[in-house]
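Subject: Handover of a structure

Dear colleague,

Please find the structure below, with the sequence alongside.

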Amino acid sequence: MAAGRAAPPRCRPRLLLPLLLLLLLPAPSDGLGHSAELAFAVEPSDDVAVPGQPVVLGCKVEGTPPVRITWRKNGVELPESTHSTVLANGSLMIRHFLLDGGGGPSDEGDYECVAQNRFGLVVSRKARIQAATMSDFHVHPQATVGEEGGVARFQCQIHGLPKPLITWEKNRVPIDTDNERYTLLPKGVLQITGLQAEDSGVFHCVASNVASVRVSHGASLTVSGSGSGAYKEPTILVGPENLTLTVHQTAVLECVATGNPRPIVSWSRLDGRPIGVEGIQVLGTGNLIISDVTVQHSGVYVCAANRPGTRVRRTAQGRLVVQAPAEFVQHPQSISRPAGTTAMFTCQAQGEPPPHVTWLKNGQVLGPGGHVRLKNNNSTLTISGIGPEDEAIYQCMAENSAGSSQASARLTVLWAEGLPGPPVNVQAVSVSSTEVRVSWTEPLVNTKEIIGYVLHIRKAADPPELEYQEAVSKSTFQHLVSDLEPSTAYSFYIKAYTPRGASSASAPTLASTLGEAPAPPPLSVRVLGSSTLQLLWEPWPRLAQHEGGFKLFYRPASKASFTGPILLPGTVSSYNLSQLDPTAVYEVKLLAYNQHGDGNATVRFVSLRGASERTALSPPCDCRKEEATNQTSTTGIVIGIHIGVTCIIFCVLFLLFGQRGRVLLCKDVENQLSPPQGPRSQRDPGVLVLNGAGRGERGQLGRDGKRVDMKELEQLFPRAGAVGQPDPRPTQDPEAPALCEETQFSTLPLQGFGLLEEMTSEAKAPCVGPLAALPPQDIGPGLLSEGPAALPAHSGQ
């Protein structure tokens, strides 16, 4: 009998091991830090060697002895010889460094230290060894003529390894570096400011390193008499160059400016960030020196030459790019895992530019494939279904143009004695379009301790990490796998589990589910107009793989025959039906088909009649008209307030002249200005005067300001109690004016007069006309405040 199943394959998480079996296995032990069994204490570093001289590449290894150390040059093992020897501490000594002189052997290249013991093999970072050289000058200083008080500049350029040291001579004598008017830049530039007659002479550039010393051609400096003193615009003779450096180097950003008066040179960053002060200095009259650069110093630097006391300025800019070699922020950790489970290593490296990560297994490059997967830009290594062959030392190698780094960790596979062999005779047979029956027989050896089996399932086209598992009891040798997709190939293999661990995996077997006609597609219909429908559904790209697509049919509901089929590919997700009868109700039918036949159809009924009516009742919005209506509405509200205030005044006056006149006037004003109390549908349309409608428009404007036929409104909103009964109230012509002089007799309780007088003193008489009759939702926000402050500033008269 099969055990409980996991979630359906479309949404179930990947199960590394069923919980029941996992609890019975030994707990894995994680190692801490780097691999303690074998690791580098010292790794070789880049160096420049002098031809004919000895060179030593350092390497020191810590690990369980015996440890064997060898070296690789350009990826090939370096044999022991009298020319190169591995010292007792593991370092490599080359007795006489050779430089390729035209076809002969050369010792230049990339070197790696390789250490191996019984736990595995590790490889050091690459160390590039180059020969010390010195080229000829490819830029010589040029003769210069300057005025007294002006600026002179000489430059020379030469390539060499290591980088040559540049000095200058004047008339074959080293120049005085203590002279503040002389500025020597490390890149081979000599600047002389505040020129004087004694500065005239012949200048030479001298370059030296361990390989050679070279002297440039001479360049003369001629200093003429003082300038005219006329005003000269600020000018930048030389601006900063684009530089690409490595961290901890020194950046020299040159800026030479002239003008009369002498301009002031300043520096800034284009992104607005401060340059800072630590490690920053200005050399000469405007050269920016940044010592021990970091990645944060990268950016565009702007040199500005300002005329003193004005805003006249000239600018030049250069980009500084600082690279950083790869370094690890997370090292891989040594781990121990039972056989058959999954092992995962993670390493994260940073650098500028971002480093590329590769993995090595015992010194050999490890690529994805089989049960090995690389994720997250190769920062995560996953090995599923581990076995004895996976036990090794794994290295994470991070490398960019600025350098490389490595970190290692060991995988120990826990393998118990007496584990069962793999299940045999594994077969998979399709039962339906969503089910496959998998059967097997028990292993050939060590079957007594088996506590269950785990069936591993995945689509044949999917990678191993999308695999999921289902647990089966030990007495069951077949299992029905359901919730599969039709016409899809699946891969199956099985393992036997004991309290001490899992067996090796059985041979995988493949089976494809049977095909079936597609399910009904979900369909929605949208009315685009009085004669157009838009049909929407989800695309099914798989239909195209199985010679399928969609079929569309439609007809007026009053007709017997459909129009169609309209054949559509499986990648289509919408279709428009046009030139339809605006008065008809349509039946729309959509079905999917494949090589197994037509699926069930999805049917929708839709009426176009309502769309045409809504189009007639709701013409397009006239924004200008609505704006004018809003303005008129504001004016109407103000007029209503004035009418209410007038009513209060007249009520007070009539209180002075007698009860009868006061009652008649207030009642008359209320009848004229207030709608009768009752449901909204029964109110006198005359209250819409407050919203800006004239008396001639009463009964013709709705709340949205749009004209609607009165009969149509009565059909849409019948009067309460009017169904089947005549309106007992007398009808009145909406166009007829109110009869203010009509005699009306009413009886009011005496307490009503007291209330009237009391509220009049507070400017809140109950006979304020339409304002008192309107419900809160019909009163604009400006009317909900008390006192004169509630009136708009542009109140009309």
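Throughout this message, a residue is called buried when its relative accessible area is under 20%, exposed when it is over 50%, and partly exposed in between (1.4 Å probe, protein chains only). By that scale Arg 153 is partly exposed, because its relative accessibility is 23%.

Please note that this is a predicted model, in which local features need pLDDT of at least 70 and side-chain atom pairs count only at pLDDT 80 or more, while totals for chains, interfaces and linings use all residues. Residues are numbered from 1 along each chain as its sequence is written, and side-chain values use heavy atoms, with hydrogens and water left out.

Helices (H or I, at least four residues) and strands (E, at least two) are DSSP runs, numbered from the N terminus.

Salt bridges

A salt bridge here is a side-chain nitrogen of Lys or Arg within 4 Å of a carboxyl oxygen of Asp or Glu. The whole structure contains 14 of these salt bridges.

Arg 153 takes part in one of them: its partner is Glu 254, and the closest N and O atoms are 2.6 Å apart. Arg 153 belongs to strand β14 (residues 151-155) and Glu 254 to the loop between β25 and β26, so this pair ties together parts that are 101 residues apart in sequence. Glu 254 counts as buried because its relative accessibility is 0%. Salt bridges with shared partners join Arg 153, Glu 254, Lys 187 and Glu 241 into one network.

A salt bridge also connects the side chains of Lys 232 and Glu 147, at 3.8 Å from N to O. Lys 232 is in strand β23 (residues 232-238) and Glu 147 in strand β13 (residues 144-148), so parts that are 85 residues apart in sequence are tied together by this pair. Lys 232 counts as partly exposed because its relative accessibility is 42%; Glu 147 is partly exposed as well, at 37%.

Glu 587 and Arg 555 provide a further example, with a distance of 2.9 Å from N to O. Their positions are strand β54 (residues 585-594) for Glu 587 and strand β51 (residues 549-556) for Arg 555, so the pair ties together parts that are 32 residues apart in sequence. Glu 587 is buried, with a relative accessible area of 11%, and Arg 555 counts as buried at 16%.

Disulfides

A disulfide is a covalent bond between the sulfur atoms of two cysteines. In this model, a disulfide is assigned to a pair of cysteine sulfur atoms within 2.5 Å. There are 4 disulfides in the structure. With bonded cysteines counted along the chain, their pattern is 1-2, 3-4, 5-6, 7-8.

Cys 59 is bonded to Cys 113, with 2.0 Å between the sulfur atoms. The link of Cys 59 and Cys 113 is left-handed, with -70° about the S-S bond. Cys 59 is found in the loop between β3 (55-57) and β4 (60-63), and Cys 113 in strand β9 (residues 109-117), so the pair ties together parts that are 54 residues apart in sequence. Both Cys 59 and Cys 113 are buried.

Which way is the link of Cys 255 and Cys 303 handed? This link is left-handed, with -55° about the S-S bond. The sulfur atoms of Cys 255 and Cys 303 are 1.7 Å apart. The pair links distant parts of the chain, 48 residues apart: Cys 255 is in the loop between β25 (251-253) and β26 (256-260), and Cys 303 is in strand β30 (residues 299-306). Cys 255 is buried, with a relative accessible area of 0%, and Cys 303 counts as buried at 0%.

Cys 347 and Cys 396 form another disulfide, with sulfur atoms 1.8 Å apart. Cys 347 is in the loop between β33 (343-346) and β34 (348-352) and Cys 396 in strand β39 (residues 392-400), so placed that the pair links distant parts of the chain, 49 residues apart. Cys 347 and Cys 396 are both buried.

Two strands pair if DSSP finds at least two bridges between them. Strand β42 (residues 436-441) and β45 run antiparallel and are joined by 4 bridges. Val 438 stands opposite His 479 in β45. On β45 (residues 478-481), His 479 and Val 481 form the covered face, whereas Gln 478 and Leu 480 form the uncovered one.

Glu 465 is located in the loop between β43 (452-459) and β44 (468-473). Glu 465 counts as partly exposed, at 23% relative accessibility.

With kind regards
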